[in-house]
Amino acid sequence: MFQPLPISASGGKHDLYRALAQQLSGLLHGESDAIANAANMSALIYDLLPDLNRAGFYFLRGSELVLGPFQGKVACVRIPVGRGVCGKAAERKASVVVPDVHAFPGHIACDGASRSELVVPLVVDGAVLGVLDLDSPIPSRFEEDDRIGCESLVRIYLDASDLSGSGR
Ligand code: SME
């Protein structure tokens, strides 16, 4: 059984994401089920990235993002593309870093403790299939290094998982 290893934060975010990427690759190795992998990836990120109150997925179903596997408090189930931080990231096909959720027009508050947010879209062959959504109770928790690091984690997820039946 895979056991997550604690990651030292002393090496900085670059080392942290490199270690996280190694662990994620091991965790997803040999498994292609997109929901199972999203569930385990959410748990790994929530466990090992500091200062999060949520980590999880939404998957595109028609013109809406629908709640997928996550760690954290209960969340809104459906988000139209273009709405909130998740919908904007899906619409733009680009990651969105929000230092202050209260200053983001249209932010959808699921957990009142959230202060900052990072959303990375799942893009395959130019099509958005969903998003990875991370929330933090700390303002300005997510920096450029987090965006780059989480985009590399999403790439590992997409390479490992069979998303052929997913909303495309
Ligand atoms: N804050 C998100 C909604 C999802 S929850 O954070 C789980 C948004 O504005 O899209």
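The legends below describe close-up views of a predicted model.

Local features were taken where pLDDT is at least 70 and side-chain atom pairs only at pLDDT 80 or more, whereas totals for chains, interfaces and linings use all residues. Residues are numbered from 1 along each chain as its sequence is written, and side-chain values use heavy atoms, with hydrogens and water left out.

**View A. Crossing of helices α2 and α4.** Helix α2 (residues 34-48) and helix α4 (residues 144-160) have axes that come within 10 Å and cross at roughly 155°, which makes α2 roughly antiparallel to α4 (a term for angles over 145 degrees, taken between N-to-C directions on a scale from 0 to 180 degrees, with axes fitted to C-alpha atoms over the stretch in contact). Helices are DSSP runs of H or I with at least four residues, and strands are runs of E with at least two.

**View B. Residues in the contact of α2 with α4.** From α2, A34, N37, A38, M41 and I45 meet L153, V154, Y157 and A160 of α4, contact meaning heavy atoms within 4.5 Å. These residues divide into eight nonpolar, one polar and no charged (nonpolar being Ala, Val, Leu, Ile, Met, Phe, Trp, Tyr, Cys and Pro, charged being Asp, Glu, Lys and Arg, and polar the others, Gly among them).

View C. Strand β1 (residues 54-61) pairs with strand β2 (residues 64-72) in the antiparallel sense over seven bridges, where pairing requires at least two DSSP bridges. R54 stands opposite G72 in β2, and between the strands lie two residues, with G62 taking a positive phi near 65°.

**View D. Hairpin of β2 and β3.** Three bridges join β2 in the antiparallel sense to strand β3 (residues 78-80), with V66 opposite R78 in β3 and five residues between the two strands.

Notes:
Parallel < 35°, antiparallel > 145°, perpendicular 65-115°, else oblique.
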